[in-house]
Amino acid sequence: MQTHILSWLIWLPVAGIVAMMFVPRERKDIIKVIAAVATGLQTWVAVILLLNYDSSLGTFQFLEKMDWIPAFHIHYSLGVDGLSLPMVLLTPLLSFLAVFVSWNIDRATKGYFALFLLLDTGMIGVFLALDFFLFYVFWEVMLLPMYFLIGMWGGPQREYAAIKFFLYTLVGSVLMLVAMLALYFTCGQTFDFITLSQTAPEQLQGVTWWGLSAIRVIWVLLFIGFAIKVPIFPLHTWLPLAHVEAPTAISVILAGILLKMGLYGMLRINYGFLPEAVWWFAGTLAVLGLINVIWGALCALAQKDLKKLVAYSSINHMGYALLGMAAVVAAGAMQGENVQAAQAGLAGAVFQMFNHGTISAMLFILVGVVYDRAHHREIEGFGGLAKPMPIYAGVTMVAFFAGLGLPGMSGFVSEFLSFVGAFPVFKVIVILSTLGILLNAAYFLRAYLKIFFGPLNEKYATIPEINGRELFTVVPLAVITIGLGVFPHLFLNLVKNTIDVVITQVVQLGNLF
Amino acid sequence: MTHSLSIYLLVAAILFGLGVYAIMTRRNAIAILMGVELVLNAANLNFVAFARFGGMNSSGHVFALFVIVLAAAEAAVALAIIINLYHNLHTINVEEASTLKQ
Amino acid sequence: MDNLQSLTYFAPEWGLIATVVVVLLVDLIRNRRDDRQVGTWFVAGLIVTALLLLGNTPDHTLSLFRDAVAWDPFSHFFKEIVLLSSLFVAVVVLNSRELDGYPLGEFYMLLGIMILGMFWMVTSIDLLMAYLAIEIVSLTSFVLAGYLKRSRRSNESALKYVIYGAFSSGLMLFGFSYLFGLTGTTKFHAVAAALRNLDPSAYGAVVVASILILAGFGYKISAVPFHFWTPDVYEGAPTAVTAYLSVAPKAAGFALIIRFFHDVLAVPTGEGLAWSSIGNLPWPQLLAILSVVTMTLGNLVALRQTSVKRMLAYSSIAHAGYMLMALPVLSQDGVFAILLYLVMYLLMNLGAFFVVIVVENRIASEQFEDYRGLGWKMPYLGVLMTLFMFSLTGLPPTAGFIGKFYLFAAVIKAGSAYYWLALVGVINSVISLYYYLRVVKMMYLKGDPQETLEGAGRFYRSVLTLLALPTLLLGLYWAPVAEWVRQSLLLFKP
Amino acid sequence: MNIFIQYGLAIYLLPLAAFLIQIFWGRRLPRKGDWVSIGAVLLTLVLSTAMLASLLLDLNPDFHQEASFTWLDLGRFQIRVGFLMDTVTVIMLFVVALISSASHIFSIKYMEGDPAYSRYYAYLSLFTFSMNGIVLSNNLLLLYVSWELVGLSSYLLIGFWYEKPSAALAGMKAFLTNRVGDIGFFIGILLMFTATGSFLYRDMFAGVAAGTIAGTTLTLAGIGLFMGAVGKSSQVPLHIWLPDAMEGPTPVSALMHAATMVAAGVFMMVRFFPILTPDALLVVAYIGGITALFASLIAITQTDIKKVLAYSTVSQLGYMILAVGTGAYVAAFFHLVTHAVFKSNLFYGSGSVIHAMHHGLERTHRHDLDPQDMRNMGGLKAKLPLTYWSMVASTLAIAGIPFFSGFLSKDQILAGTLAFAEHHPVHFLLPVFGFGAALITAFYMTRLIFLTFHQEPRHPEVFAQIQRAPFEMALPLTILGTGSLYVFYTLPSVNPFGGEGWFQRLVEARDSLAGGPAADWMAEQMHHAHLPTMILSIAVALAGLVLGWLMYGSRRISAEALARRFPRLHDLSYHKFYVDELYAKLLYDPLLKLADFVGWLDWDWYDKKIIDGFGRWTTRIARWVGTADYDGLDQGLVDGVGRTLRAVGGGMQRLQTGRIQNYILLATAGVIIILLSQVF
């Protein structure tokens with residue numbers, strides 16, 4: 001049965017943009033309401049999707065396929081499986097919340113929300129596309145609104161940050177374009193994800209270009225493209241800058257969704273089409289994960305700007321996911337076919353993607369709350385805020401402890417699974433990365449101490465408490481974080497069968513040498 | 001026969017070289033135009049020589065005729081532009097016409 | 001086919017000639033105060049020509065005038081491109097203030113003759129015909145570039161154009177003469193046949209000849225190192241003319257270059273449309289390198305421009321470089337990609353130049369600095385300019401991306417030997433982002449959103465919309481254009 | 001579901017419910033909701049008492065109930081979690097419930113009027129919940145989770161008075177120090193899981209028994225797990241957080257930092273004893289022994305009453321760990337129980353003293369004086385008689401005087417070390433640590449009692465204002481003070497020296513699965529060592545008492561003179577052997593410096609110099625070539641690659657001179673270059 005629920009998800013924000021066009025730009029209230037309604041409806045559709053999703057299957061569901069450009073075998077092809085479902089749920093939710101986070105945007109409101117909705121479409125499209133070309137188009141579509149959103153509504157260095165973001169990601173995506181075309185022509189002229197995952201591993205077998213394995217060349221091209229988005233050291237320097245300069249809502253989206261696209265792309269495309277190279281690259285991936293963990297944590301520890309701290313914590317958190325992803329090789333014969341570990345690692349990575357989405361979103365929203373009031377983010381510039389803002393302090397504590405991986409919160413489960421999965425294969429690397437557990441706690445607690453504890457900074461004696469709108473944007477995320485921390489199976493049941501599909505792909509097709 | 005052809009070709013090549021040299025070195029716009037004429041006529045010489053010695057049909061001659069006509073037209077247009085330049089700049093030194101750059 | 005018979009296939013050309021004559025007559029007898037009258041006649045004539053052209057759509061290939069001119073879908077496509085861009089430019093000139101105070105009658109007449117020249121350029125399959133056509137186009141464009149007689153800049157640009165043009169065509173002609181000498185004929189196919197049987201010892205002369213010829217062609221499409229005239233002429237010429245020069249003659253040049261390199265310097269191999277170079281001469285590699293140099297230079301120098309118009313001039317060099325990428329692969333896909341790119345390029349490049357015209361009309365400047373806050377002052381224009389800029393960069397979902405996509409696809413399809421070319425190409429697109437984005441940055445990120453300025457006016461709004469809509473829509477659905485291009489891939493073969 | 005498991009579930013969830021109610025609605029409830037938490041904890045006390053009673057009825061040491069469910073199921077990867085109910089669990093649950101109840105009740109008065117009263121009770125409930133998790137867990141995962149949650153509640157409660165920078169800092173220090181240990185713990189878990197494929201203790205033990213994990217790996221896993229205990233039970237070298245943790249409210253110190261939370265490490269080691277290899281045990285023993293002696297040495301010179309008790313706790317925990325290491329792990333658990341009672345009582349006593357002092361100081365407006373400093377006290381016996389007698393009982397217990405509970409358990413531990421040393425003479429230091437610590441413990445506790453309660457009050461005006469402890473404080477003091485008597489641990493036996501009784505019958509030593517000592521053999525050895533140990537330990541304890549009396553009671557020996565005589569030693573002890581300072585120098589500062597450096601490296605160097613400055617270098621080269629335009633560098637362009645490209649573009653742009661003949665020259669040059677390239 002052909003349903004168009006996925007198309008609804010993609011095009012609802014566009015409908016919002018169209019509706020906005022008929023509103024004069026002075027009517028900011030109406031524009032905001034339209035944005036809220038569009039993303040709200042989208043969230044609602046996503047929930048319907050969740051309710052109808054059959055988690056006992058690991059394959060794509062709700063498939064939609066239409067010819068787009070038949071001559072080039074390009075299709076408008078959508079589908080959702082366990083890898084994308086979490087992000088498909090998270091994207092509308094965060095977008096919806098971000099609308100409220102940006103409720104106070106006064107400058108060129110119409111443009112802001114129109115671009116925001118366009119961004120929304122691009123993001124969800126990336127997760128739903130089952131056609132490489134479509135995927136690429138959505139991938140790029142996000143860049144433009146992101147550029148404007150950072151560049152026009154950002155902080156003092158916004159132009160620099162915006163262009164840096166744009167250039168960085170464009171470098172990655174054009175490499176991806178080349179890889180995509182190379183795949184297309186070497187693997188039976190198709191962009192279809194499902195077909196490619198079958199043909200690519202066979203057709204590329206043994207092909208060499210300039211003495212290099214074609215699989216590895218394509219892998220590296222794609223990997224760079226995705227690594228920039230994740231971001232993986234040493235391609236990460238756009239991130240702190242973009243985060244610091246972007247308006248709060250955009251930081252939320254950036255950290256919550258955009259970073260996940262890199263990992264999603266790797267799992268979907270690198271792992272799906274080039275399983276053989278997974279074996280070759282897993283070690284590097286784990287090392288990069290380790291570097292991300294330690295480097296991100298150390299940088300976060302050194303920050304004086306709270307938002308930058310949170311930004312670096314993103315780098316740190318992505319490292320855990322990379323470790324988990326690398327763990328998939330545990331399922332190989334050389335590691336004693338430790339499917340357990342592969343499942344744990346991959347589940348950890350996917351879960352971490354989702355969790356970082358909720359947790360970092362929370363963190364950024366909270367940073368925004370205090371920034372709106374104090375107009376600065378210097379960690380040293382506060383002190384004793386727990387007194388005037390007890391609720392804010394409490395919520396922030398939840399977010400910080402979620403960030404440092406406290407058990408009972410979802411972040412712990414995903415980090416734990418990643419470690420458990422990666423440990424049998426990468427013992428030393430994992431042992432070194434456990435240092436991250438300590439450093440995580442160190443930078444979060446240190447920041448918390450300086451901001452909320454100690455004698456009250458008299459400047460902020462009358463700082464207003466977090467208001468209802470702001471609470472509304474954080475509480476759902478906190479509930480999800482704690483809920484999934486206690487009942488992670490709610491999440492993992494959705495993805496586990498797809499994880500098995502990925503593992504099967506990697507093991508059966510990849511371990512040929 | 002080939003021997004005499006190569007003489008023509010050599011002369012043409014020399015003409016061509018002289019023409020290019022003139023275009024590159026003369027400051028006077030008119031002189032540059034003359035350089036262009038040299039280049040064109042070098043080609044003409046080639047055409048005619050090939051047609052004559054190559055035992056080919058008359059298309060070489062025809063080509064040369066057309067080139068002569070076009071060269072005249074080109075000269076007319078170029079002169080018009082140079083006159084115009086003179087009106088504006090009171091010089092026909094091409095060195096002076098270098099405000100559009102970089 | 002003999003000359004008399006051939007004339008029946010010449011309907012569009014007749015239409016053009018009639019248009020020119022009508023314009024001439026109207027210009028003589030019209031009311032001196034009303035320049036627009038001529039323009040209206042001219043546009044009407046172009047429309048008639050277009051109808052004639054559409055009525056004359058070839059479904060097979062023929063050669064006319066004793067193998068001097070081809071009548072094939074390939075040339076038909078280019079005629080359509082030329083005519084389309086001419087229509088846009090003619091209409092815009094009608095409403096531009098740039099040419100205020102100059103007689104429009106002659107302008108349109110010259111334009112008409114230039115179109116005729118381009119028609120012949122894209123159809124010629126004879127060295128002589130090609131030379132004549134190129135010269136016709138050149139001579140008229142010299143005059144058009146210098147049309148602002150009282151403007152020193154326009155003057156200077158015309159002078160440079162004429163000297164550079166004459167020089168290049170001289171080189172080309174000299175190359176032609178060698179080619180003629182080597183083969184004893186001027187017909188493309190006869191030349192090709194003769195070259196195929198040529199003694200390899202004469203390949204050296206072939207190389208010299210083809211490089212000299214390349215200089216002439218390269219000048220037309222402004223490929224490095226024959227591009228030097230481009231920025232200066234583009235800057236000095238009236239913007240409408242610049243816009244036109246950046247599209248129509250370039251397209252015609254590509255038509256000629258494609259035809260020449262595929263018909264003369266390459267032989268078809270296997271089934272379908274694929275070629276290999278004659279005697280395995282390494283000119284495809286040479287073209288690949290020229291393409292890389294062209295796009296890189298165009299992009300890098302464009303980075304440093306302070307004038308939007310001049311930036312667009314360099315960008316047009318870069319785009320020529322992108323298109324050249326698809327030549328060395330010598331495949332049908334390559335030709336297809338170039339043709340498709342030309343369509344997209346026409347839309348976005350004309351659009352960008354027209355925005356420059358509007359801005360020039362409004363604030364009398366084409367400097368980056370003066371674009372500050374323009375997106376707020378003229379919202380509609382800003383959005384369209386942004387679209388054109390992103391399209392020129394090649395970001396989806398715009399026409400520019402589709403064009404680039406096919407180019408890269410053609411290159412990559414040719415196998416791993418040209419992957420490096422594709423890589424250089426994509427990296428160049430990243431570089432180009434920087435300067436295109438500078439326009440956007442100036443328009444939106446700088447300046448005060450509160451300011452307003454009088455809008456572009458209904459006329460320009462509609463013209464720009466006509467260009468912008470397809471620029472966006474073709475990025476989403478380009479199958480019809482692709483089909484159109486696919487049907488135009490048929491080149492005349494004897 | 002078994003009734004015990006149901007009880008366990010109730011005990012587990014009741015405090016959680018109380019926590020949730022308190023944190024969200026506490027402030028709006030009557031009495032700020034303290035009754036919710038107190039009610040919950042009293043219920044757990046009732047339930048655990050019932051369980052203990054039922055165990056006492058049939059005295060079956062093999063009592064064992066387990067229930068688990070699948071928490072996560074990814075196909076082949078599964079995590080099962082659940083509860084384990086055996087005699088150890090039940091006893092521990094009872095101890096936790098008892099001390100926790102006492103703490104809840106004590107706090108009613110102690111925390112009266114605090115603006116965050118309900119938050120305080122919420123945290124207490126959270127702690128009880130987490131602690132019960134540790135006790136009930138039958139698997140490493142729930143253990144680790146609860147372990148961390150205990151850390152969280154400790155963080156929250158230590159930093160409860162967050163306006164005080166030292167308190168906030170102490171909370172963070174506690175959490176981070178614990179995390180250091182947790183890294184080892186975590187690695188231990190990873191090693192265990194990787195080898196046995198399960199988190200359940202059952203499977204772990206089976207794996208060790210079957211040899212799935214053995215040798216160095218097992219030793220490492222054991223040491224890893226032990227590192228968790230080192231952190232939580234504040235062993236050297238991670239002992240630094242516990243004394244600072246005294247910044248928290250005193251009932252919290254009594255509950256967590258004396259009796260339960262810090263005992264969690266010992267509890268874990270007791271649980272895991274069978275899988276610890278002899279090598280791992282040796283590490284455990286030495287760490288414990290060193291801690292016992294080391295901390296007691298520091299306690300001698302401390303003047304803050306709570307600090308003395310804190311170091312005493314560290315020392316006693318060292319005892320327990322030492323016992324585990326020497327194989328006498330039942331003795332360790334026994335000491336854990338007795339210590340929980342008397343040490344928490346000592347804390348409540350000190351709390352009572354501090355409370356009284358605090359109010360006294362308030363009334364006399366002597367804000368310059370520290371209510372916790374023993375040098376400001378003296379003679380309090382007269383004002384706080386109940387507190388005094390209760391504390392004396394507990395002091396005698398901790399000193400190891402017969403007829404008090406501490407004697408029984410300490411005696412067993414010392415017997416264990418002696419027995420161990422008999423068989424491994426190389427490790428003769430272990431009993432030395434033990435007996436040495438016993439001597440010093442007796443000494444500094446005597447010192448504490450004398451300084452606080454005897455002699456003349458140092459500040460009579462404050463003294464005059466001191467009031468006796470209110471009922472809510474007196475109740476716990478009475479109960480727990482009584483609990484320091486030996487007889488509660490030996491029933492139905494009343495032999496004050498034998499140690500056998502319900503406890504010994506309920507908790508039986510199990511054989512090591514990893515090559516450690518067998519239970520029977522160990523029991524026999526300890527039996528042999530019993531008599532000499534008893535004599536020696538009584539002697540040592542008495543010596544300590546007498547010495548303390550001499551120095552602080554009768555003042556025959558002047559403490560000040562001694563301190564002057566051995567200034568180095570005094571300073572070392574007074575400054576806690578400078579461990580904090582050492583760590584600051586060797587660890588924190590370098591780490592922060594490293595972080596700053598990496599941060600700089602990342603932001604100012606890598607990004608600005610390499611990514612951005614990629615351009616600067618190429619520009620320089622380009623300028624050297626003489627074509628590039630240097631001005632371009634500083635203008636606007638910020639991105640480095642961009643800067644490079646712009647510079648290169650500038651070089652190329654230079655070609656565009658505006659002179660037509662240059663163009664032609666260049667074009668010709670181009671043609672020639674192309675020609676040449678084709679020729680060659």
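Guide: Helix α2 (residues 28-52) of chain A has 25 residues and reaches 36 Å from its first C-alpha to its last, close to the 36 Å expected at 1.5 Å a residue. That expected span is 1.5 Å times one less than the number of residues. Helices (H or I, at least four residues) and strands (E, at least two) are DSSP runs, numbered from the N terminus. This is a predicted model: local features need pLDDT of at least 70, side-chain atom pairs count only at pLDDT 80 or more, and totals for chains, interfaces and linings use all residues. Residues are numbered from 1 along each chain as its sequence is written, while chains are lettered from A and ligands numbered from 1 in the order in which they are written.

Visitor: Which residues of α2(A) are buried?

Guide: An α-helix has 3.6 residues a turn, so residues three or four places apart point the same way. Buried means 20 or more other C-beta atoms within 10 Å of a residue's own, placed from the backbone. Among the buried residues of α2(A) are A:Ile31, A:Ala35, A:Ala38 and A:Gln42. Their cover includes α1 (5-21) and β1 (61-69) of chain A.

Visitor: What does A:Val178 contact, leaving aside its neighbours within four places in sequence?

Guide: Contact means C-beta atoms, placed from the backbone, within 7 Å. A:Val178 is in contact with A:Leu221, C:Phe408, C:Ile412, C:Ala422, C:Leu423 and C:Val426.

Visitor: How many residues do chains C and A bring to their contact?

Guide: Chain C gives 26 residues and chain A gives 28. On the side of chain C, α18(C) gives the most, with 13 residues.

Terms used. Contact = placed C-beta atoms within 7 Å. Buried ≥ 20, exposed ≤ 12 C-beta atoms within 10 Å, placed from the backbone.
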